[in-house]
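Could you walk me through this structure stop by stop? I have it open in a viewer and would like to know what to select next and what is there.

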Amino acid sequence: MEQMLSFVIPVLNEQDSIKLLYEKIMEQVRQQEYLYEILFIDDGSTDDSALRVKELREKDKNVHLIMFRKNFGKAMALQTGFRNAQGDIIITMDADLQDDPCEIPRFVEKINEGYDLVSGWKRDRHDPLEKRLPSKLFNKVTEKLSGVQLHDFNCGFKAYRREVVESIDIYGELHRYIPVLANRKGFRITEIVVHHNKREFGKSKYGIERYLRGLFDSFTVAFLGRFYDRPMYFFGRIGLILCTFGGMVCFYLVYLWCTKQTIGNRPLVQLGVLLVIVGIQMISIGFIGDMLVDATYHSRYNEAHVKEKL
C-alpha cells in the first residue's frame with residue numbers, strides 16, 4: 001500500500017517564502033512520486049500569507065489552509081495540523097525556507113527503516129550567535145533532564161508515523177519536547193543531520209523569552225516523563241520524608257515532656273507539627289493524583305481557535 005505524506009507547516013508572516021517553499025516541496029513529491037497533502041497553518045499572520053496559500057490552493061487541491069483567529073503559538077499550530085492531517089507519515093517544517101525540502105526523502109527512508117519519529121539536527125546552523133548559544137544550552141539541559149539522546153530538540157524539521165501524533169497533545173512550548181513525549185510513549189526515535197539554510201525572507205519569531213518559557217516547560221516534561229502515571233511516587237515520597245522527620249521531632253519533644261522539661265516555648269514544636277501536616281498533605285495530593293490518572297482522560301484539544309479551514 002502506497003504511503004501518503006502530510007506536510008504540516010506553521011506560518012506566521014511568511015508571505016515571501018510560501019510559494020517558493022511549495023515549489024521546492026513539489027520537486028521532491030514529483031521525483032519520488034509521493035501521495036501528498038500540504039497543510040499550511042496560519043497562526044494569526046498580519047501580512048498576505050493566507051492569500052498566498054489560497055492562490056496555491058486554486059491550482060492544487062492538495063494544498064489546505066487553516067487560519068487562526070489570532071496568534072496562538074507554534075504548539076497550537078502543530079497540534080491543529082496533527083489533528084487534521086490524513087497522511088501515514090507527517091512531516092513538519094518551518095515556512096521560512098531554512099529547512100531544505102531536499103531532505104524529505106531521507107526522512108521518509110528513516111521512517112521506513114522502522115523508526116517512529118525522525119528528528120532533524122541542524123549541525124551547521126546559519127543563525128546569529130545570540131540564537132545559537134541559548135539553543136545549545138537548551139538542548140543540553142533538555143537532554144540531561146529527559147534522558148533522550150538528541151542533539152537538537154528544537155529543530156522543527158521532523159517526520160512522524162501517524163500513530164505518534166495521534167498519541168500526544170502539545171500546548172504552551174511543548175512542541176520543543178515532542179521527542180521526549182514520544183519517548184515516554186515507547187516510540188522509536190532517531191536523528192539525522194539536515195542542511196540548514198540562511199534566512200532570506202522575513203525575520204525570526206524567536207527571542208530569549210521563549211527559551212525561558214521553554215526551560216520552565218522542560219521541568220514539566222521531566223516530571224511528567226517519570227511520574228505522569230504514578231504521581232504518588234513523587235508526592236508520596238516527599239510526604240513520607242516530611243512525616244518521618246516531623247514524627248522524630250515530635251517523639252523527641254514527648255521524651256522531653258516525660259522528663260519534666262518545658263517544651264511549650266520551643267520552636268521545635270511548631271516545626272514538628274508543620275512537617276507532619278505538610279507531609280500528610282503531600283501524601284493526600286499523591287492519592288488525588290492517582291485518582292485523576294485513573295479517571296477518563298479528555299483531550300484538551302478543540303478547534304474554537306480556527307477561523308477558516310479549506
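Here is a short tour of this predicted model, one selection at a time.

**Stop 1: the strands in the middle**

Start by selecting β4 (89-92) and strand β6 (residues 158-161), which pair in the antiparallel sense over four bridges. Within this pairing, look for Ile 91, which stands opposite Ala 159 in β6.

**Stop 2**

In soluble globular proteins, nonpolar side chains tend to be buried together.

Zoom in on Ile 104 next. Apart from neighbours within four places in sequence, Ile 104 is in contact with Leu 5, Phe 7, Ile 25, Gln 28, Tyr 34, Ile 91 and Phe 157.

**Stop 3**

Select Asp 96, in the loop between β4 and α4 (104-112). Is Asp 96 buried or exposed? Asp 96 is buried, because its relative accessible area is 6% and the cut-off for buried is under 20%. A polar atom of the Asp 96 side chain lies 3.0 Å from the backbone nitrogen of Gln 98. Leaving aside neighbours within four places in sequence, the contacts of Asp 96 are Glu 14, Ser 17 and Arg 199.

Ser 49 is buried, with a relative accessible area of 0%. Not counting residues up to four places away in sequence, Ser 49 touches Val 11, Asn 13, Glu 14, Gln 15, Ile 18 and Asp 42.

**Stop 3: aromatic pairs**

How many aromatic pairs does the count come to? The count is four. For one of them, select Phe 107 and Phe 157: their ring centres are 4.6 Å apart and their planes stand at 40°, so the pair is tilted. Phe 107 lies in helix α4 and Phe 157 in the loop between α5 (129-146) and β6, so this pair ties together parts that are 50 residues apart in sequence. Phe 107 is buried at 0% relative accessible area, and Phe 157 is buried at 0% as well.

Then select Phe 234 and Phe 235, an edge-to-face pair with 5.0 Å centre to centre and 85° between the planes. Phe 234 is partly exposed, with a relative accessible area of 28%, whereas Phe 235 counts as buried at 19%.

**Stop 4: helix α9**

Finish with helix α9 (residues 231-258), whose 28 residues reach 40 Å from the first C-alpha to the last, close to the 40 Å expected at 1.5 Å a residue. To see its buried residues, select, among others, Met 232, Phe 235, Gly 239, Cys 243, Val 249 and Leu 253. Just after α9, look for Lys 260, which takes a positive phi of about 70°.

Definitions and conventions
Residues numbered from 1 in each chain as written. Predicted model: local features only at pLDDT ≥ 70, side-chain atom pairs only at ≥ 80, totals over all residues. Heavy atoms only, no water. Helix = DSSP H or I, 4+ residues; strand = E, 2+ residues; numbered from the N terminus. Buried < 20%, exposed > 50% of the residue type's maximum accessible area, 1.4 Å probe, protein only. Polar contact = N/O pair within 3.5 Å; in protein donor to acceptor, adjacent residues only side chain to side chain. Contact = heavy atoms within 4.5 Å. Pairing = 2+ DSSP bridges. Expected span 1.5 Å × (residues − 1). Phe/Tyr/Trp six-rings, centres within 6.5 Å; stacked < 30°, edge-to-face > 60°.
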